[in-house]
Amino acid sequence: MFRDQRNILAKLSFSRIWNVLRLYYSYLLAKNFKKVISKGMPYAASIEPTTACNLGCPECPSGLKQFTRATGRLDVEEHLLMLEQLGKQLFYVNYYFQGEPFLHPDFLELIKAAHQRKIYTATSTNAHFINESKAEEIVASGLDRLIISIDGLTQETYEQYRKRGKLEKVIEGTKHMIAAKNKAKSNTPHLIFQFLVVRPNEHEIDDVFKLGKSLGVDEVRLKTAQLYDYKNGNSLMPENEKYARYKKMKDGTYKSKYSLSNHCWRMWSSTVLTWDGKVVPCCFDKDAQHVLGDVLNSDFKTIWKSKAYQSFRKQVFLDRSKIDICKNCSEGAKVWT
């Protein structure tokens, strides 16, 4: 974990640090004085390789094919334009928003382009497309972090969330990655097992840490599930509220554990670009309902400082509860008991 943190810090330069300080100053002005200005440019971004996915997870609009926006994949040349527009201050890109990144035939070309610009790169995968040769290509690409979703330790528990998925593929893909790293004597990518805690698998929490250690992954993380239909309970909601985003009320209904505060660091620190160039405020806008601009038809810096972006930021700091995508988010929120 410490090597991964050092790797991120290694991407910093004086100008990138100065940009972060300017961003944080802007954020504090908005948080404390409701003065919404945008000094600096985002240091992080999520760029979507594709909306396509091979699985059918029940709480994922990509897997359920419930998007109103088009399914497609990022053009390699348009990706270069995105990196150019996002600016040299950018030092962290998560190549994931919706979909399975490795369904993009040129996905590793995207990683290489960012790596050449000294940008820390991360992505998330269900690992079904990682064979021996692909694992070696991933290591050679310079990818810094690879999150592998492993949401069950038996096929029975795994497929209750990862519909159409095969647990053996996840284990095989992980083993190929570890072997490829060892072969290349590489510390990257930093491998993370991500375990989405739901009712069918919550009894396996201790064992996923044991499995991660036995295989040799660098880190194991637990993630709480975002549920769209939770008010009257949900079959995926863990029985142990420690691992849930929701709390049972006296009347038997459920409510989010989080009390929204009217501030959000993400409105300054980062941005999200869909595969076709749309700019949306954050990763909770999965269906791109709050499009703030299009980098294929306009300059990103202009979009970042536009009235539309400023207006969205202002709403976050005035009354965040009125923004639909914020209602299921823990960013800037307080946990109540």
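Where does R164 lie? R164 is in the loop between α6 (155-161) and α7.

These legends describe a predicted model, in which local features need pLDDT of at least 70, side-chain atom pairs count only at pLDDT 80 or more, and totals for chains, interfaces and linings use all residues. Residues are numbered from 1 along each chain as its sequence is written, and side-chain values use heavy atoms, with hydrogens and water left out.

**View 1. R164 and K118 are residues with positive phi.** R164 has a phi of about 70° although it is not a glycine. With a relative accessibility of 57%, R164 counts as exposed (buried means under 20% relative accessible area, exposed over 50%, partly exposed in between, with a 1.4 Å probe and protein chains only). K118, also not a glycine, has phi near 60°. The loop holding K118 runs between α4 (107-116) and β3 (120-125); helices (H or I, at least four residues) and strands (E, at least two) are DSSP runs, numbered from the N terminus. K118 is exposed, its relative accessible area being 60%.

**View 2. Helix α5 crosses helix α7.** The axes of α5 (residues 132-141) and α7 (residues 167-184) come within 8 Å and cross at roughly 55°. Axes are lines fitted to C-alpha atoms, for helices over the stretch in contact, and angles run from 0 to 180 degrees between N-to-C directions. The two helices are therefore oblique to each other (angles under 35 degrees count as roughly parallel, over 145 as roughly antiparallel, 65 to 115 as roughly perpendicular and the rest as oblique). On the α5 side, the contact (heavy atoms within 4.5 Å) is made by E132, A135, E136, I138 and V139. On the α7 side, the residues are H176, M177, A180, K181, K183 and A184.

**View 3. L146 belongs to the largest nonpolar core.** This core has 91 residues, and those touching the most other members are I47, Y95, L146, M177, W268 and F300. A nonpolar core is a set of buried Ala, Val, Leu, Ile, Met, Phe, Trp, Tyr and Cys residues joined through side-chain atoms within 4.5 Å. Leaving aside residues up to four places away in sequence, L146 touches F102, T123, T125, I130, M177, P189, H190, L191 and I192.

**View 4. A cis peptide bond joins T188 to P189.** Its omega is near 0°. P189 is in the loop between α7 and β5 (190-197).

**View 5. E109 is in helix α4.** At 40% relative accessibility, E109 counts as partly exposed. Its C-alpha atom is 7.8 Å from that of S141, 32 residues apart along the chain.
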